[in-house]
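I opened my notebook to write down what I looked up in this structure, one topic at a time.

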Amino acid sequence: MENMLKEFGISGKQSGVSTGQHWLPGGGPDITSWSPVDNNVIATVKSASKEDYDAIVVTAHEAFKTWRQWPAPRRGEIVRQIGEALRKYKHDLGRLVSYEMGKSLQEGLGEVQEMIDICDFAVGLSRQLHGLTMHSERPGHRMYEQWHPLGITGIISAFNFPVAVWSWNAMLAWVCGNVCIWKPSEKTPVTAIACQRIVATVFAANNVPEGVCCLLTGARDAGEWLSADTRVPLVSATGSTRMGKAVAATVAARLGRSILELGGNNAIIISENADLDMSLIGAVFGAVGTAGQRCTSTRRLIIHEKVYDAFTQRLVLAYEQLRIGDPLDENNHVGPLIDKDAVAAYLKSIEAIKQQGGKFLVDGGVLEGKGYESGCYVQPCIAEVENFFDIVQHETFAPILYVMKYQTLTEAIAMQNDVPQGLSSAIMTLNLREAEQFLSAAGSDCGIANVNIGTSGAEIGGAFGGEKETGGGRESGSDAWKGYMRRQTNTINYSSSLPLAQGIKFDL
C-alpha cells in the first residue's frame, strides 16, 4: 500500500487543498484517514481554512473566463486524456478506493471503470451540446436556443463512491465549459487527492488554466461555504437526505441551482412469475454489495406469498455462504462498514427492528477474531418486517435486508412506493403485463425502475437520480448535461423592418 500511495505522491501529512497543480498549505484542522480494513492510518490530510476556500474560488472564477472560451471539442479532448490516464492507474486507484472505503476490490475497480466510462461519454457529448431552432411568427426572423456554461460547479461527494460520483459531475461540467470545486467526504480524502494529481498532470500537459479543477478537503463547514456562496451558481451534492435538505435550503435561499442525489430505500418485487435463480443473485448482491452502503442498495424484498417460503429459504442459504473479510482479497464478498459510527448505527437499527416486532431469519452482529480487528466488520442480516414499521421507512446504510409478503401486484407496488425515498426499484417477473404495469405511470414512483435486474448499479448512459426525498436531481447520462448549463433563447432579425410579436403596432 505504501508503494501505491507513492505512485500518487501521497505520504505522511499533506495538503488536501488544491487549485490544480498548485497545492495550498491547508489552514484547517488535520483529517486522518483510517482504513476500515485494518484500522491503519493511510495519511493525514490538511483541510481547508476559510481563507483557503476564498483563494480557491477567486482562482476558479478567473479560470472560468478562459476555459469557457475553449471550444467544447477541445475541452472534450482533455477529458479523453483523463480517461486514458485513469486506464493507466485503474488497478492502483481501484485498490486505494477499496482500502480507504472498504468495498471489495472488484467494486473498487468497477468504480474506476465508471470514471473511464463517463470520460468516454463526455468526449462524445463535447460535440453534441446542441440547442433547437424554432420558426418565428415574424417574417425575416430566425429563432434558436443555445446552451452556455454556468461558471463554478461545486461538487460535494459521499464516502461510499469516493471518486465515481465526482467524475459523473466533473467530466460533464468540464466539457460544458464549467470549472469545478470538489469537496470530497472527510472519510475518504486520500482517493480524492490521488484523482486530483492524475487530473493535474493531464491539465499541465495541455496548459489548462489553473483553477479549472480544484480540491477542497474539509468537514461540514466546507460544504456550507460552497452552498452559501453566490459565486457558485451550481452545487451538486450526494449524501443523506438530511444533508441534502440543508444544502437545498441554503442554495435556494440565494436562488442558486442544486443537483441532489440523496437517500434510497430501494425494493425488489419478487413475483410468483419470477426466475428465482436470477432473483437470488440480484437480491443478494443488491443487499450486501459495498456492505449495504450504496444509495441503490436493496433494502426491501417484497415477495409474492406463493414463492415467499421457497425464496427466503434460498436467501438464507445464500447468506450462509457469504465470505466476509479483507476486501482486497477477491475471494471475499463483503468488506467492512466505513467506520465505528456506521457500526453503531447498524446495531441501533437491529435493536429497533426487534422492538418494533421484526423477526430475524439471519441474525446480525459485529464480527470478532482474526481479520476483524478493526471492529468494522458486521454480519449481513435478514429480518421479516411490515413495511409500515418506522425503522423500515428510514434508510439504514448497512447490510440489513427486510423481507415481506404481498398478494397482488397493485398491493406490491403500493408497498414499494410507500416510503419517503424514491431512488431505485425493480421487479423480477417473466410476465410482460406485470413488467409493463410496474413501469407505467401507476407503477414505481422511483427515478430508476428495472425489470429482471436488481436495484444496485447503474450504467452511465442513463440519467441517474430519484424522486421524493432522494432529491429529484439527475447526474451522468442522457441529457443530464443540461443541468450544468444555462439556456439562452436568441432571435435574429434579418429583415429591413422591426415587426413586433403578437402583431402589436408601435409606429413613430
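**Entry 1: enclosed space**

How many cavities of 30 Å³ or more did I get? The count came to two. I took a cavity to be a set of points, on a 1 Å grid over the protein atoms alone, where a 1.4 Å probe fits but cannot get out. Grid points are joined across faces, edges and corners, and a volume is the space filled by probe spheres set on the points. Rolling a probe the size of a water molecule over the atoms shows where empty space is left.

The largest cavity has a volume of about 110 Å³. Among the residues that line the largest cavity I noted Glu114, Phe161, Trp168, Arg294 and Phe464; a lining residue has an atom within 4 Å of a point.

A note on what I am looking at: this is a predicted model, in which local features need pLDDT of at least 70 and side-chain atom pairs count only at pLDDT 80 or more, while totals for chains, interfaces and linings use all residues. Residues are numbered from 1 along each chain as its sequence is written, and side-chain values use heavy atoms, with hydrogens and water left out.

**Entry 2: open space**

Next I looked up the largest pocket, which holds about 1400 Å³ of space. A pocket here is an open set of points with protein on both sides within 12 Å along at least five of seven lines. Of the 47 residues that line the largest pocket, Gly239, Ser240, Thr241, Arg242 and Met243 are the closest to its centre. The helices α7 (220-228), α8 (241-253) and α11 (340-355) each supply at least two residues of this lining. Helices (H or I, at least four residues) and strands (E, at least two) are DSSP runs, numbered from the N terminus.

**Entry 3: a sheet of three strands**

I found an open sheet with the strand order β1-β4-β3 and mixed pairing. Its edge strands are β1 (13-15) and β3 (30-34), each of which pairs on one side only. Neighbouring strands of this sheet are turned by 30° against each other on average, direction ignored. Two strands pair if DSSP finds at least two bridges between them.

β3 and β4 (residues 41-46) pair in the antiparallel sense over five bridges. I spotted Asp30 standing opposite Lys46 in β4. Helix α6 (residues 189-205) lies across β1, β3 and β4, and runs at about 70° to β4. Axes are lines fitted to C-alpha atoms, for helices over the stretch in contact, and angles run from 0 to 180 degrees between N-to-C directions.

Is β16 mostly covered or uncovered? It is mostly covered, with six of its seven residues buried. Buried means under 20% relative accessible area, exposed over 50%, and partly exposed in between (1.4 Å probe, protein chains only).

β15 (residues 381-384) also pairs with β14 (residues 359-362), in the antiparallel sense over three bridges. Lys359 has Glu384 in β15 as its bridge partner.

**Entry 4: the nonpolar core**

Which residues touch the most other members of the largest nonpolar core? Of its 160 residues, they are Trp166, Trp174, Leu315 and Tyr319. Helix α3 (residues 72-101) gives the most to this core, with eleven residues. A nonpolar core is a set of buried Ala, Val, Leu, Ile, Met, Phe, Trp, Tyr and Cys residues joined through side-chain atoms within 4.5 Å.

I checked Trp174 by itself: leaving aside residues up to four places away in sequence, its contacts (heavy atoms within 4.5 Å) include Trp67, Trp166 and Phe203.

Ile268 lies in strand β12 (residues 266-270). Ile268 counts as buried because its relative accessibility is 0%.

Leu255 sits in the loop between α8 and β11 (257-261). Leu255 has a positive phi of about 60° although it is not a glycine. Its relative accessibility is 78%, so Leu255 counts as exposed.

Asn452 is in the loop between β19 (448-451) and β20 (463-464). Its phi is also positive, near 65°. Asn452 is partly exposed, with a relative accessible area of 22%.
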